[in-house]
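Hi,

Here is the structure I promised to pass on. Have a look at it first, and then read my notes below.

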Protein chains: 2
Amino acid sequence: MRKISDAIKSGAEAYMSRQNRTIAALALILAAIIYAAYFAAKGEDITARRMTISFAAGALCSILAGFSGMWVSIRANIRVAAAARNSLGKAMQVALRSGAVTGLAVTSLSILGVSVLFAYFDGINNPKEVPGQIVAFGFGASFVALFAQLGGGIYTKAADVGADLVGKVEAGIPEDDPRNPAVIADLVGDNVGDCAGRGADIFESTAAENIGAMILGVSLYKIFGIAGVLFPLYTCALGLVASIVGVFAVRLSNEKDDPMDALNRGFYISSALALGGFYIAVQQLLGGNMWLFGAGAIGIVTSFLFVFLTQYYTDHRYRPVRFIAESCTTGPATTIISGISIGLECTGLVTLSITAAILGSYWMGVQAALPGVSTLASGLYGTAIATMGVLSTAAYVLAMDTFGPITDNAGGIAEMSKQAPEVRHRTDLLDAAGNTTKALTKGYAIGSAALAAFLLFSAYIDEVKMVLAQRRGVEFESIPFSVDIGQVPVFIGALLGAMLVFLFSSFAIQAVGKVAQTVIHEVRRQFREKPGIMKGTEDPDYGQCVDIVTAGALKAMILPGMLPVLGPVAVGLFFRNFAPATDGTPMGVCAVAAMLMVGTITGILLATFMNNGGGAWDNAKKYIELGSHGGKGSDAHKASVVGDTVGDPFKDTAGPSIHVLVKLISTITLVAAPLFL
Amino acid sequence: MRKISDAIKSGAEAYMSRQNRTIAALALILAAIIYAAYFAAKGEDITARRMTISFAAGALCSILAGFSGMWVSIRANIRVAAAARNSLGKAMQVALRSGAVTGLAVTSLSILGVSVLFAYFDGINNPKEVPGQIVAFGFGASFVALFAQLGGGIYTKAADVGADLVGKVEAGIPEDDPRNPAVIADLVGDNVGDCAGRGADIFESTAAENIGAMILGVSLYKIFGIAGVLFPLYTCALGLVASIVGVFAVRLSNEKDDPMDALNRGFYISSALALGGFYIAVQQLLGGNMWLFGAGAIGIVTSFLFVFLTQYYTDHRYRPVRFIAESCTTGPATTIISGISIGLECTGLVTLSITAAILGSYWMGVQAALPGVSTLASGLYGTAIATMGVLSTAAYVLAMDTFGPITDNAGGIAEMSKQAPEVRHRTDLLDAAGNTTKALTKGYAIGSAALAAFLLFSAYIDEVKMVLAQRRGVEFESIPFSVDIGQVPVFIGALLGAMLVFLFSSFAIQAVGKVAQTVIHEVRRQFREKPGIMKGTEDPDYGQCVDIVTAGALKAMILPGMLPVLGPVAVGLFFRNFAPATDGTPMGVCAVAAMLMVGTITGILLATFMNNGGGAWDNAKKYIELGSHGGKGSDAHKASVVGDTVGDPFKDTAGPSIHVLVKLISTITLVAAPLFL
């Protein structure tokens with residue numbers, strides 16, 4: 001066990017340190033550009049410096065968040081495998097509590113980062129200006145999260161696809177077989193992709209949501225004062241406490257208990273406590289306005305809905321996965337066709353949930369009847385509070401998510417170190433639950449990303465109006481601002497925003513394919529040159545595969561990563577000098593706003609399609625492996641393996657990267673807005 | 001030959017008459033609703049009656065257009081096969097000129113329908129009102145086109161996928177083998193899907209574009225008078241003449257000549273003549289304004305660009321298809337992954353072309369400096385003229401398109417009637433060119449749909465403003481109208497618009513899968529119960545397969561077909577009573593406008609992805625069959641067959657149906673707009 005775990009650890013650490021160096025270099029260049037651009041635009045030093053500091057802090061915290069996820073995971077995997085020799089309950093507790101280390105570290109880092117910056121910039125005395133400066137913290141976080149998720153996602157899937165195609169399909173050896181030279185790279189991938197990537201992603205969601213909500217809180221300053229600005233941080237902190245209780249409440253009473261049921265119980269407890277926390281926060285900071293509490297409750301219910309819908313579309317107890325499994329009997333082509341159609345279909349209910357959440361919380365916000373605030377602004381504050389509701393259990397959800405790769409790795413270690421069958425049975429049970437939680441958190445992450453993005457572009461519009469009000473020397477409220485998509489440049493911005501998401505997905509998927517090809521060739525070479533590997537008399541060179549994937553993933557993440565950074569800036573600068581809209585809104589910011597909104601819409605749909613389509617294929621394969629349609633080794637099973645392989649880059653590379661992309665384009669436009677005016 | 005051709009003919013005619021009865025019944029119900037709704041809303045009879053008449057006329061003409069395509073095709077296929085016994089050039093000429101019958105019939109029907117209604121409603125004396133009433137002609141046309149394309153698309157691909165999966169993959173018999181019971185259904189499908197569907201599609205594009213441009217012409221009435229309103233019809237008529245010359249110019253000098261080169265020559269000639277026609281029309285009707293001529297020229301260049309980009313992404317001479325073919329060597333999973341990534345990638349350049357066309361022609365329109373017209377209106381007129389430019393060669397393009405299924409069928413007839421090898425070689429050459437033209441026309445159709453939709457929502461905004469101006473008793477120009485996507489209901493409309501396209505695609509693809517399953521079970525049953533079929537001693541029951549597909553396709557088209565009809569109406573009515581936007585724009589029309597625009601954007605991207613992804617898989621298979629990566633029978637070839645099968649419902653069902661969907665949501669909102677106010 002130690003030998004395997006050490007190999008995983010050293011591979012993961014080597015990758016992470018190279019990845020972080022690359023990302024840090026890119027972030028440094030960007031920090032310099034931000035400073036220069038702000039200095040040139042504003043002609044003064046203080047905003048430029050604060051923006052740059054915030055950006056650097058966000059980037060650094062995001063790197064730490066990702067690193068903490070991986071750090072815990074590569075240490076926990078062997079402990080879980082060892083605990084599985086005693087009992088299922090013990091192993092489960094080790095896995096979840098290790099995951100919770102990440103969940104809590106990431107969420108608290110996010111609250112801490114924003115709070116410290118707020119205090120350091122003297123936000124208590126300048127609550128109207130400082131949130132707009134902390135915005136760059138969110139941008140720094142999403143910038144790092146994008147590369148971490150992309151790089152990790154490419155790594156994990158290139159290794160997985162490569163290992164599976166040569167190992168399972170060509171050589172006919174089982175998954176996690178030590179004879180496969182790419183098997184360690186595959187296990188490393190689980191850590192750097194699933195843990196590190198998702199850690200940076202959720203860090204970024206929480207940070208972006210907090211800052212966005214704080215900016216909206218500023219526009220309600222007249223009513224709630226500083227309490228309205230700090231409200232998001234406070235609810236987040238209460239949610240953290242709720243999550244801790246939830247994690248400790250999870251235990252298995254006996255070996256027959258379903259791990260997934262236990263995890264769900266913890267989620268219910270966390271959510272109920274978070275709801276209570278919301279009530280307290282509203283009483284203390286928002287004058288006990290129960291409509292606003294209602295908006296928060298809508299958010300918590302919506303997070304349930306996201307999780308349930310994902311479960312419906314990716315769990316083999318329900319129609320969609322069974323439909324795909326059924327179509328596996330007629331070969332790989334029908335498997336793919338049905339999976340794609342299910343992926344496309346599930347966007348329907350997910351979109352309707354988002355619609356209901358936005359409309360419902362908007363309505364609650366309007367009903368709150370905040371004095372002296374426009375209908376739009378108070379409605380938007382309602383949606384902001386709903387977003388806080390969704391994200392209040394983020395720490396628990398992230399703990400469940402990290403549970404996935406930890407148990408996956410534990411299973412791999414048990415398999416490779418040839419443990420007794422009951423140990424492997426236990427890790428298999430945990431691994432299955434981990435696959436479900438990984439899928440569920442993706443549903444949660446994209447749902448929260450949708451709401452956070454909606455919040456962020458409300459913040460963007462406020463930010464632009466504030467800059468315009470300052471320049472024109474008029475009241476903030478008197479600035480008209482409409483993103484009129486009937487205007488040609490705005491329509492073009494919208495069109496390009498949607499395109500950006502498609503192109504980004506293409507680049508991400510192509511990157512997986514390219515790196516996977518190099519893995520395939522390497523594994524084939526080893527099998528050819530060392531015939532002893534298959535007989536078990538010779539050790540494969542795991543390190544060579546790890547190196548190839550590391551170098552490939554880092555190179556391949558640059559192109560897709562730069563697209564969402566450069567795209568909005570290019571559009572904003574291009575349309576900057578166009579004639580303003582009829583109500584005087586400058587065209588540059590308008591076109592970028594449309595790009596942002598329609599890019600977000602397309603991103604939500606495409607990510608949902610990819611996450612759930614991929615998850616459904618994965619579980620259709622599992623369903624067949626459990627004995628349906630001929631079970632393992634049947635033609636249906638072979639077809640389902642093709643579906644699973646196609647789904648891999650969907651659900652683990654492109655899909656989760658789009659979550660981050662959606663928030664990155666929101667935060668970069670917030671940071672760059674003054675340049676487009 | 002006769003026997004096979006007759007079987008195809010009777011199958012196709014039986015399907016078409018059942019399909020048309022179903023569509024006619026749906027159209028009648030809708031006509032009654034339109035009459036009742038307009039009568040109730042306006043309280044007077046004349047608009048209601050004209051709307052209903054226009055709708056019915058549009059629906060009828062669209063049915064005729066689709067029927068004419070199929071009528072010609074099922075008669076031409078055997079003539080082409082017979083001509084192929086003499087020479088390639090002769091066969092080619094028969095195929096193209098037969099296709100031209102459809103192309104010319106459809107385009108002239110479109111011009112004729114709009115002109116006759118215009119005259120019948122006394123448009124010469126009421127040029128401001130009548131185009132708004134003819135709008136329902138476009139809606140009727142798209143309504144029928146949607147069902148025709150969906151039904152035909154489901155039919156053709158269900159039969160194709162079903163026949164291939166059991167025949168080629170399971171039984172190991174070649175394509176178009178007479179022993180396959182589904183082979184006639186497959187050949188019937190080429191006619192009802194490719195000809196009838198595309199005929200109705202292009203009919204509808206031309207009609208919608210003419211009406212949209214006429215409505216914009218109305219807002220320029222002060223400058224050009226009636227000439228501005230009639231300009232679209234005139235350029236269309238000149239384009240028709242240009243297409244006729246182009247068709248007659250196509251000939252092969254010898255057997256070595258590439259059919260595709262000859263077809264391209266015809267396209268160049270048609271385009272050059274259409275450009276000349278544009279010049280004449282601008283001189284005669286638009287006072288020789290050369291900026292407006294420039295906008296038209298941009299349109300013609302853009303149509304070239306669409307065709308070229310499609311060729312780049314789907315022809316095996318270029319990188320994308322070779323990349324997919326290369327990935328076929330590592331199995332079906334990588335084949336699918338690379339095809340999807342190429343499909344997603346190609347949206348980039350296509351979107352940029354559309355962007356360039358819209359911006360360029362908008363700029364030309366603004367430069368035209370039409371006196372007394374707002375910048376926006378004259379810019380939009382520029383984009384309208386560019387759309388006319390794109391569609392001016394529609395008849396030629398449609399002739400090339402119909403060439404595809406005719407030669408496909410001719411190949412099938414030659415194969416099944418066991419013609420001499422050189423005959424089959426000739427039909428193979430034509431079939432290959434036909435596959436290319438089918439792909440190219442899809443690129444052309446989606447590009448023109450994008451521009452036509454852009455035109456239609458400008459028309460929609462004008463229409464709403466006219467109604468508001470009338471109700472409020474103020475000048476048209478003084479009505480503010482912005483589709484501000486920052487407003488919550490508008491954002492929701494946009495989100496639902498994008499979702500609509502995803503859900504529609506899902507339903508369309510699922511329909512193919514479901515009907516294909518029934519075909520597979522039927523073919524397996526026949527093979528099982530009649531063992532003589534495989535030995536060639538017993539005839540399969542072709543009719544049974546044809547019946548199953550017919551019934552299945554007609555039933556399956558209803559659900560996806562109703563979605564884009566009911567969706568916009570539901571959104572418009574839901575948001576009708578919400579508070580208006582800050583500038584007073586009523587929220588119902590606003591939310592629908594956003595739904596329309598973002599639905600269009602998503603539709604363009606998803607259709608491009610599906611059409612080109614599917615086309616690229618198809619040609620990757622052909623490339624391998626030509627001898628690369630092991631040629632026919634190799635593992636790479638098997639993987640490429642999976643890719644091709646997955647691509648089938650993409651490129652022949654969902655993709656082309658989305659073109660129609662995009663225009664249907666434009667026209668239905670135009671018709672239903674008064675209900676949302």
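Predicted model: local features only at pLDDT ≥ 70, side-chain atom pairs only at ≥ 80, totals over all residues.

As for who takes part, 68 residues of chain A and 68 residues of chain B are in the contact.

Which helices of chain A supply at least two residues each to the side that touches chain B? They are α11 (332–367), α12 (375–391), α14 (421–472), α15 (488–529), α18 (558–575), α19 (587–625) and α20 (635–672). The largest share, 19 residues, comes from α11(A). By residue type, the side of chain A that touches chain B splits into 48 nonpolar, 17 polar and three charged.

Back to salt bridges: over all chains the count is 40. One of them joins B:R75 to B:E13, with the closest N and O atoms 3.5 Å apart. That falls within the 4 Å cut-off, so the pair counts as a salt bridge. The two partners sit in distant parts of the chain, 62 residues apart: B:R75 belongs to helix α2 (residues 45–83) of chain B, and B:E13 to helix α1 (residues 2–42) of chain B. As a general point, side chains of opposite charge can pair when their charged atoms come close.

Two helices of chain A are worth a look for their bends. Helix α2 (residues 45–83) of chain A has 39 residues, which should span 57 Å at 1.5 Å a residue; its end C-alpha atoms are 56 Å apart, so the two values agree. There is also a kink of about 30 degrees in α2(A), centred on A:A76.

Helix α7 (residues 226–249) of chain A, with 24 residues, reaches 35 Å from its first C-alpha to its last, close to the expected 34 Å. Where is the kink in α7(A) centred? It is centred on A:P232, and the angle is about 35 degrees.

Cheers

Terms used. Residues numbered from 1 in each chain as written. Chains lettered and ligands numbered in written order. Heavy atoms only, no water. Contact = heavy atoms within 4.5 Å. Helix = DSSP H or I, 4+ residues; strand = E, 2+ residues; numbered from the N terminus. Nonpolar A, V, L, I, M, F, W, Y, C, P; charged D, E, K, R; others polar. Expected span 1.5 Å × (residues − 1). Bend = angle between axes of the 7 residues up to and from the residue. Salt bridge = Lys/Arg side-chain N within 4 Å of Asp/Glu carboxyl O.
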